[in-house]
Amino acid sequence: SSRFFISIYHSLSKVRPIMYLFLILLVAILAYLSSTVSFVEDPSRFFPKENGKSNTAELFSRIRVKDKIIVLFTNKSDSSLDCRSIIGAATKFDSVLLSSRGNNLIKATHLKVDRSKSSEITDYIYNNLPIFLEENDYRRIDSLISTDSVRLFLSKGMASLLSPAGSAISSYFSKDPLGMATPLLASLRELQSGMQYNIVDDHLFSADNSTLLYIVDPLSSSNDIKRNGELLDLFDSLKVSLNEQYSGLEVEYMGAPFATVYNARQIKADTWVTMTIAMLLIIIVLWLAFRRFRDILLLLLPALFGALFSLAIISLFKDSVSAIAVGAGATVMGIALSYSIHIVSHMKHVNNVEQMLEELSYPLTIGSFTTIGAFAGLLYTNSSLLQDFGLFSSIALVGTTLFSLIFLPHMLRVGNGTER
């Protein structure tokens with residue numbers, strides 16, 4: 001391998017201006033290709049995929065119940081707001097969401113209670129009554145269809161229909177005059193007994209009328225970070241506006257779409273902080289070791305080229321890559337820097353570039369192959385995020401190695417600083 005890189009060095013040395021022009025053009029092309037890659041901030045890509053089956057991430061993304069956003073309009077204890085004022089604030093919130101500002105982000109809103117839903121549940125039970133019946137119910141029905149029981153129920157039913165409440169029970173009596181489904185409907189009411197709420201003008205309030213419940217169905221799933229991020233920003237602006245108009249009103253919202261956005265933003269912020277701190281520490285260590293700005297720049301160039309090279313290659317095969325994986329892949333900066341550190345340091349102890357290539361090209365090549373192979377092993381995992389991490393890291397090390405052995409030798413100075 002040393003002869004190969006030495007021959008490349010000799011060939012490029014004869015046309016060094018053209019080589020630098022080619023390098024600038026190559027970097028421009030790589031930068032353009034890298035700009036076409038879209039970064040996906042989806043933590044669910046960490047979920048494994050199962051061959052031949054629906055993977056966990058896909059199943060999770062299809063659960064539409066988790067995509068609902070719960071909004072609570074709460075009257076603070078020291079506030080004088082009444083139910084009407086809270087309803088007015090919620091109505092303004094709802095009207096803005098359904099306007100041009102939010103119509104491309106919202107699928108539906110649920111501000112008022114739909115009383116027709118309760119009748120739909122009742123109709124479903126009546127239409128599918130045999131499905132819900134148990135053995136004890138059949139014995140009860142046997143007693144209901146006796147002549148005396150039928151006569152008794154019909155007489156009571158007629159009396160109820162002639163009473164002031166007759167209009168309210170007429171639909172139920174016509175469907176079930178003997179009350180066969182009454183125990184089933186009673187069990188539904190028992191399930192609701194633990195839920196303490198009030199309905200004010202078709203709006204759902206807590207038992208003390210201090211909090212109004214409002215539900216929003218986003219147009220996108222909870223994994224769509226970009227669109228849900230826009231929706232969260234809209235919610236934040238509406239919250240500020242309502243707080244200015246209604247003193248003492250507290251607006252809170254929760255749900256998987258916003259939780260995913262918060263997580264993605266936190267991961268991005270942590271990644272940038274980590275990368276910034278790591279770069280500063282690396283630069284400080286390099287400055288303490290080399291004491292020359294030019295040497296530090298030469299040490300960083302291969303790693304930066306490798307990252308650009310990796311994104312450009314990925315753009316040829318994939319439209320998107322996990323931003324979390326790329327951020328975590330920046331941890332290979334230390335590994336990538338070791339190649340250039342070896343070369344720059346070794347140049348201070350040799351007489352010419354050929355000697356440096358003769359002594360370092362083979363160990364650097366073998367060392368890079370083993371490290372690249374280790375990261376490439378992540379491509380065989382069942383997690384998309386780990387696959388992106390392994391792909392970015394392995395290709396970045398390939399680009400770093402090629403730059404260190406092909407282009408970097410032409411930028412170095414031999415021995416005591418005399419440029420070759």
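Visitor: What makes Phe235 and Tyr253 buried?

Guide: Buried means under 20% relative accessible area, exposed means over 50%, and partly exposed lies in between, using a 1.4 Å probe and protein chains only. Phe235 has 0% relative accessibility, so Phe235 counts as buried. Tyr253 is buried too. This is a predicted model: local features need pLDDT of at least 70, side-chain atom pairs count only at pLDDT 80 or more, and totals for chains, interfaces and linings use all residues. Residues are numbered from 1 along each chain as its sequence is written, and side-chain values use heavy atoms, with hydrogens and water left out.

Visitor: Why are Phe93 and Phe235 called an edge-to-face pair?

Guide: Start with the search: the whole structure holds twelve aromatic pairs. Rings of Phe, Tyr and Trp (its six-membered ring) pair if their centres lie within 6.5 Å; planes under 30 degrees apart are stacked, over 60 edge-to-face, and the rest tilted. Phe93 and Phe235 sit 5.1 Å apart, centre to centre, with 80° between the planes. Hence the name, edge-to-face. The pair links distant parts of the chain, with Phe93 in helix α4 and Phe235 in helix α11, 142 residues apart. Helices (H or I, at least four residues) and strands (E, at least two) are DSSP runs, numbered from the N terminus. Phe93 is buried because its relative accessibility is 1%.

Visitor: What makes Phe235 and Tyr253 an edge-to-face pair?

Guide: Their rings are 5.2 Å apart, centre to centre, and the planes make 85°. Phe235 lies in helix α11 and Tyr253 in strand β7, so the pair ties together parts 18 residues apart in sequence. Ring pairs also build a cluster of Phe73, Phe93, Tyr214, Phe235, Tyr253 and Phe258.

Visitor: Why is Ile277 called partly exposed?

Guide: Ile277 has a relative accessible area of 45%, so Ile277 is partly exposed. Ile277 lies in helix α12. Helix α12 gives the most to a nonpolar patch, with seven residues.

Visitor: How do you know that Gly390 is buried?

Guide: Its relative accessibility is 0%, so Gly390 counts as buried. Gly390 lies in helix α17, residues 384–406.

Visitor: Which residues does Gly390 touch, beyond those up to four places away in sequence?

Guide: Gly390 touches Phe375, Leu378 and Leu379. Contact means heavy atoms within 4.5 Å. Gly390 and Phe375 are 15 residues apart in sequence, yet 4.8 Å apart in space, C-alpha to C-alpha.
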